[in-house]
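Please keep the sequence and the model in view while reading.

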Amino acid sequence: MGEEQNRENIEDMEDSAASSLGASRSAGLPSLRTKLTPAARGESIASSTQVTSNPAKQMDSPKLPDSPGNKSISPIAARSWWVALLAALPPLAMLVFLHWNPYLVVLIVAAVTIAVAITWGGLSQAPSPARTGIVVAITGIGCLLATFLTANLTWVPLVLSWCILAAFIAEMTRGRHRPLTTWSLSSTVTGCALVAAGSAWGLATAYPTMNLLAMAALPAMGLASLSLALPAKSASIRWLYCVSSGIFAAGILTYFLLYGYSDLALAIPFAYRNPALAIWTMTLGMGFGSGLLVACINVLFVVPAGRNYHWRQLALALLPTLFISVPIYSLARLITG
């Protein structure tokens, strides 16, 4: 009997422990399975939405210039007649003043440089067009003056390096929040490099051979700029217009003016056999290169649409006038040694 009573006591103790453990579990379950009320659920959803939406609001990055929302003019679209005329005036005016007063050629190039600098910010879609234009204008005028005063290109890299530093300083002074920093800096540096190419025109008074080559290149560039107003549906047609007009202008001028310049022919290797062929080859080659340069620059760049897109087209059409000085100077150095 004693053993049976002890066994019953042990069973009663186990049952009481199990019941207390079950009660505690049952008491804890509601706290784990408690359902959120509609108000609490709304607050949790709002908090999660706020957490996910805050980073986007903090980033708030502006739209890129080449995004689909921003339209742009086709690179092969015809320029307005007054844009083509203004693009043709500088090379034709330089042709007139080349031998009469070369200093006026430098002034014309300075005016072209300033015009390109003013409109370059809009053409490259820089976030701060005014700052970009100022730095580009300082670069172009500084390189041109350095070349003109020293009669060589030694100081051009130094001036360009300081102007690139100025581009960084202009970028840092834009303000606390600077959208598209890399885009702005790259457009400014690119504009500085483009206008620095026109610094070779400062040597027009020091190299007579350069003037002879320019007499073939400038009319070709002027007529090729006028052909920009012609309609074209593809880039190949635009290239055909510019190259044909360049060869035609150089050929006409060679027939009437440059045919008697034997100094240019004597410097060409095969000139002693046929001087006339040497002159025709050199001048027609310059005409072909001038027309091709006008076509390439006006086809590769895309003009952004907007209120002042005609002036942006003008900046694009004036760039070949600065660029043509580089091949002219290079050929002049090769010929004269």
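When neighbours within four places in sequence are left aside, Ser227 is in contact with Arg238, Tyr241, Cys242 and Ser245. The model is a predicted one, and the points below are grouped by topic.

**Ser227 and its place**
- Ser227 lies in the loop between α8 (208–226) and α9 (235–256).
- With a relative accessible area of 6%, Ser227 counts as buried, because buried means under 20%.

**The helix α7**
- The 16 residues of α7 should span 22 Å at 1.5 Å a residue, and this agrees with its end C-alpha atoms, which are 23 Å apart.
- Several residues of α7 are buried, among them Ser184, Leu185, Thr188, Cys192 and Val195.
- The cover over the buried residues of α7 includes α4 (102–123), α5, α6 and α12 (309–323).

**The cavity**
- There is one cavity of 30 Å³ or more, and the volume of the largest cavity is about 60 Å³.
- Elements giving two or more residues to the lining of the largest cavity are α5 (129–150), α6 (156–172) and α7 (181–196).
- The residues that line the largest cavity are Ser128, Arg131, Thr132, Val135, Ala167, Ala170, Glu171, Arg174, Ser184, Leu185 and Thr188.
- Sorted by class, this lining of the largest cavity holds four nonpolar, four polar and three charged residues.
- Ser184, Leu185 and Thr188 are included in the lining of the largest cavity, and they are also buried residues of α7.

Conventions:
Residues numbered from 1 in each chain as written. Predicted model: local features only at pLDDT ≥ 70, side-chain atom pairs only at ≥ 80, totals over all residues. Heavy atoms only, no water. 1 Å grid on protein atoms, 1.4 Å probe; cavity = no way out; pocket = protein on both sides within 12 Å on 5 of 7 lines; lining within 4 Å. Points joined across faces, edges and corners; volume = space filled by probe spheres on them. Helix = DSSP H or I, 4+ residues; strand = E, 2+ residues; numbered from the N terminus. Nonpolar A, V, L, I, M, F, W, Y, C, P; charged D, E, K, R; others polar. Expected span 1.5 Å × (residues − 1). Buried < 20%, exposed > 50% of the residue type's maximum accessible area, 1.4 Å probe, protein only. Contact = heavy atoms within 4.5 Å.
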